Amino acid sequence: MEQPQGVDWTVLVLTCQYKDSVQVFQKELEVRQKRQQIPAGTLLLAVEDPEMRVGSGGATLNALLVAAEHLSARAGFTVVTADVLHSAWILILHMGRDFPFDDCGRAFTCLPVESPQAPEEALVCNLDSLLDIMTFRLGPGCPPGVWVCSTDMLLSVPGNPEICWDSFRGARVIAFPGSPAYALDHGVYLTDSQDFVLDIYYQGTEAEIQRCVKPDGRVPLVSGVVFFSVETAERLLATHVSPPLDACTYMGLDSGARPVQLSLFFDILLCMARNVSREDFLVGRPPEMGQSDAAVAAYLQGARAQLWRELRDQPLTMTYVPEGSYTYMTSTSEFLLNFTLPSGPGAKIIHSQVEEPELLEPGSCVISCLLEGPVRLGPGSVLRHCHLRGPIHIGAGCLMSGLDVAQSEALRGLELRDLILQGHHTQLHGYPGRAFTLVGRLDSWERQRPGTYLNMSWSDFFKKTGIREWDLWDPDTPPAERCLPSARLFPVLHPSRALGPQDMLWMLDPKEHGGETLRTWRASWRLSWEQLQPCLDRAATLVSRRNLFFCQALRKAQHVLEARQDLSLRPLIRAAVREGCPGPLLARLDQVAAGARDPGVAARALACVADVLGCMAEGQGGLRSGPAANPEWMRPFSYLECGDLAGGVEALAQERDKWLSRPALLVRAARHYEGAGQILIRQAVMTAQHFVSKEPVELPAPGQWVVAECPARVDFSGGWSDTPPLAYELGGAVLGLAVRVDGRRPIGARARRILEPELRLAVGPQQDEMAMKIVCRSLDELQDYCQPHAPGALLKAAFICAGIVHIRSELPLREQLLRTFGGGFELHTWSELPHGSGLGTSSILAGAALAALQRAAGQAVGTEALIHAVLHLEQVLTTGGGWQDQVGGLMPGIKVGRSKAQLPLKVEVEEITVPEGFVQKLNDHLLLVYTGKTRLARNLLQDVLRSWYARLPAVVQNARSLVRQAEECAEAFRQGMLPLLGQYLTSYWEQKKRMAPGCEPLAVRRMMDVLAPYVHGQSLAGAGGGGFLYLLTKEPRQKEAVEAVLAKTEGLGNFSVHLVEVDSQGLRLTLTE
């Protein structure tokens, strides 16, 4: 089932405790909007809670007021009006309370997941996961209204939870299944048979919880997700002007109102539950409020009374998501289980580069880290946002976060177990600093439970370290308040030196360090965990995390390229450009390209540079495909042509720096980097010369013609896999047929020696008088051999590749010809097929020209050698291209050509033996239809190469399936299974379209649709885009029937239908007078 369309949020509000964090988290929302995780038109608001302790209900009311105020201003109102809610979809996300395991709170805690389908590479925070769930799972289909979602939980929701919104009014809570045992410490809903909420229990009795049990034996947990209809949201918003609820908003506090703590679930929603009486509601208090004096209780009672008046008549329903899951992000060691639960045989390595991954034990987890050297990590341990250099041994049950190379020394020689060590960025009176905290994994952060520190009782800790109670708490601190959050354990400033992890780690073995470490600790300015929270520099924390992420990402890019991994770097490139740091990525790509021993690695690195430049242009500056021969770039190109890769890369970078100022220049620079990559591809393909061999034969007499005639080719499976660089990076396999069209071999060439020391070239029909003729009497007239559109370029390149002419020689052309051959040559090529036919014309024509020329020059070249010679010629001609065309047209019959994923590039051909009589059956069922559309393969080729070098997952998968299907198709030929071949043919066309989107013109699609009932399968020839369509018809000899069907179809243009038969000879070479 397709993912439903996401909610187009009108406003997204993120509430946070600290004023200093508002701008930080606003930027984080904007980053996600730029990544298209949030709709472009959504109004983003990071909103400070009006007081530290207004509760989830007060934060919701304040956020709703701020959203309504902004929407009212946007609509042109001068006062807040609830009318703006009627066409608004509002999402309020609550950051919630401080979190011991992440300085940026539960919302920005990074999860152990990667999102390979995301357009930009990025860490996945809990906020991102919840945004996705709210936008694409829970929200779709809802009416205008207000969603409220806490970020203190981990949620999992199936693709379509099927929430019904018909005739909805009131409020709706979303519940997830949990065990009755788990519910003892959490909230649960009691509902009736129609899903109306009767009551909400928090830490209820066993009897209460049993009343909530569903037929599946589980209970509906309070998840922190609520939806308010417009009507209910209006009622709630109306309370902001009346005391005491006005004190929940910034307006009330600015007016001097006394703050009130309000719970979203146990104040706002509870008054809507059907079984709750007014008397019980007014005397109750939310669990998050705890014990308080009578005055506070009376104040709260007034607030509850107002809520009862406004909301009591609003229905409260529940949607239960039985296939979903809910986990509260606790402040206990259970939190680590969410990261270390095994999902495979080894450790989880997420957005990290690890030099020795074998040292990470199963059940461990590494998120956004760079680990150099031997770093051993035990089971149940987590490393986050760390750059460490071994040797380091971190044992079981640990969490390490925010540590860098400078702190690695403090960890050496230790084997840490069941410990949580974190590095923090701080701002103390305006000065940035670093602090380090160390706690035990088993320590309790709750005030009500027996206190521990470093997994031992306080008394044992005092005895072990020499620290005393008065070091940690003031003498007048009540015993009940003497707990881990309030203990002044953590040094933040020392009068004479910088602090490090060692200023906490000494507590693990005080005797080894003597009394000096205790004296140093006492001499430091220390804060408790609670005192530290307002001093945390969350902006610096996020910047540090982002820098480390890109640091490891650069290592990843280098490793992916050098290890030739089929992993796309495009999401990383987009992220680097979006975050404003393309410079380091360009420098690393230069480094990889310059140091590469493999031309394929270097070419891919240059293609990645082109992608970076194209991304920097942000969709402006013109098309990526275009010319790449600006004179300013010729110097770096010349280095590459001469084999000086390092010099060429350096010169490219120097030139690149001049083209970064505006999008048009960036796009042109990207084209030239792709041009540089083509030089390296050309050099790789030219290794095929290793397999070009010649044997001397008797020189034909002057005037005697050597005639080469060739069939066309039809590709049945595997095309594109023969195209460099796929042919030598992935390895290619193409099944092709040599075919006569209307009984004729349509492609040919003839050559002969002449007495005059010149070259006579003719291109066109076999009738000599209709051909285009060129005479070359000097080397200068051959210089455009590498410009494919120049008159006679292919023929000129053939003379050079055949070794008849040496274009760089100091000898004039006349002297070269006279010395070696006693005269010149005449070469004439022809094709009876239309330009852009898709039947391999140009490559087969090159093979025919080379074969005729070589024989006329007294050399015999075998067909397999000729296949490699054509590869060389097409690189000299700079048209590029693969090997399937010459394999298909020069070799006879039905065959599979293959090349391995290696250099030098070698093509091997296997002729396919088919059952007796099958060739005739195939001839009876195979037809060609000329579509009347000319194919533009060069642009298609550029797009395919760009996608391949980007290693787009769909393209890599499709390329592999092309190779695999070619082998399956060969087996179908061996078995003589015509219907199965038709299926492969149709599948092959789908593969071609995935490889080169846009290769199917509308007229061709119309033609294929009308022919579909009459064929086993069909495909456009070659790369597609036009040219010939070939059909495998269900009935034999269907030429007239196909013509009749197409004649009745409007808008097809000048089509024609042709007979086709398998050619059993391939290239035929004859000598005539």
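I shall go through several regions of this chain in turn, starting with its sheets and then moving to individual residues. Please bear in mind throughout that this is a predicted model.

Let me begin with strand β3, which spans residues 89–94. Of its 6 residues, 5 are buried, so the strand counts as mostly covered. Which strands pair with β3? One of them is β1, residues 11–16, which runs parallel to β3 and is joined to it by 5 bridges. Another is β4, residues 145–150, again in the parallel sense, over 6 bridges.

Is A122 buried or exposed? Its relative accessible area is 14%, and because buried means under 20%, A122 counts as buried. Its contacts, leaving out residues up to four places away in sequence, are R35, H351 and F549. A122 and R32 are 90 residues apart along the chain, and 9.9 Å separates their C-alpha atoms.

S223 lies in strand β9, residues 219–229, and at 1% relative accessibility it is buried. A polar atom of the S223 side chain lies 3.4 Å from the backbone nitrogen of V225. Apart from neighbours within four places in sequence, S223 is in contact with M153, I174, F176 and Y326.

The second residue is T239. Where is T239 found? It is in the loop between α6, residues 230–238, and α7, residues 250–254. At 1% relative accessibility, T239 is buried as well. Its side chain reaches the backbone oxygen of L236 at 2.6 Å. Beyond residues up to four places away in sequence, T239 touches L61, L245, D246, Q306 and E310.

Now to an open sheet of 3 strands, in the order β13-β15-β18, with parallel pairing. Which strands stand at its edges? They are β13, residues 353–354, and β18, residues 387–389; each has a single partner strand, so one side of each is left without a neighbour in the sheet. Strand β13 pairs with β15, residues 370–372, over 2 bridges, and Q353 stands opposite L370. Helix α19, residues 538–562, packs on this sheet and touches β13, β15 and β18. The direction of α19 makes about 65° with that of β15.

The next sheet is open and has 6 strands, in the order β34-β33-β35-β32-β29-β43, with mixed pairing. At its edges stand β34, residues 772–776, and β43, residues 1068–1072; since each has a single partner strand, one side of each is left without a neighbour in the sheet. From one strand to the next, the twist averages 15°. Within this sheet, β33, residues 759–763, and β35, residues 824–831, pair in the parallel sense over 5 bridges, with V763 opposite T829.

Which helices pack on this sheet? One of them is α27, residues 793–801, which touches β33, β34 and β35 and whose direction makes about 135° with that of β33. Another is α29, residues 841–856, which touches β29, β32, β35 and β43. The direction of α29 makes about 25° with that of β32.

Finally, I come to an annotated region. An unreviewed UniProt entry carries the annotation "domain: GHMP kinase C-terminal" for residues 970–1047. Over those residues the chain is 55% helix and 15% strand, and the end C-alpha atoms are 34 Å apart. A1012 lies in the loop between α36, residues 1002–1011, and β40, residues 1015–1020. With a relative accessible area of 38%, A1012 is partly exposed. From A1012 to L527 the separation is 485 residues in sequence and 77 Å in space, C-alpha to C-alpha.

Thank you for your attention.

Technical notes. Residues numbered from 1 in each chain as written. Predicted model: local features only at pLDDT ≥ 70, side-chain atom pairs only at ≥ 80, totals over all residues. Heavy atoms only, no water. UniProt positions renumbered as here; feature names shortened; annotations may be inferred. Helix = DSSP H or I, 4+ residues; strand = E, 2+ residues; numbered from the N terminus. Buried < 20%, exposed > 50% of the residue type's maximum accessible area, 1.4 Å probe, protein only. Polar contact = N/O pair within 3.5 Å; in protein donor to acceptor, adjacent residues only side chain to side chain. Contact = heavy atoms within 4.5 Å. Pairing = 2+ DSSP bridges. Axes fitted to C-alpha atoms, helices over the stretch in contact; angles between N-to-C directions.
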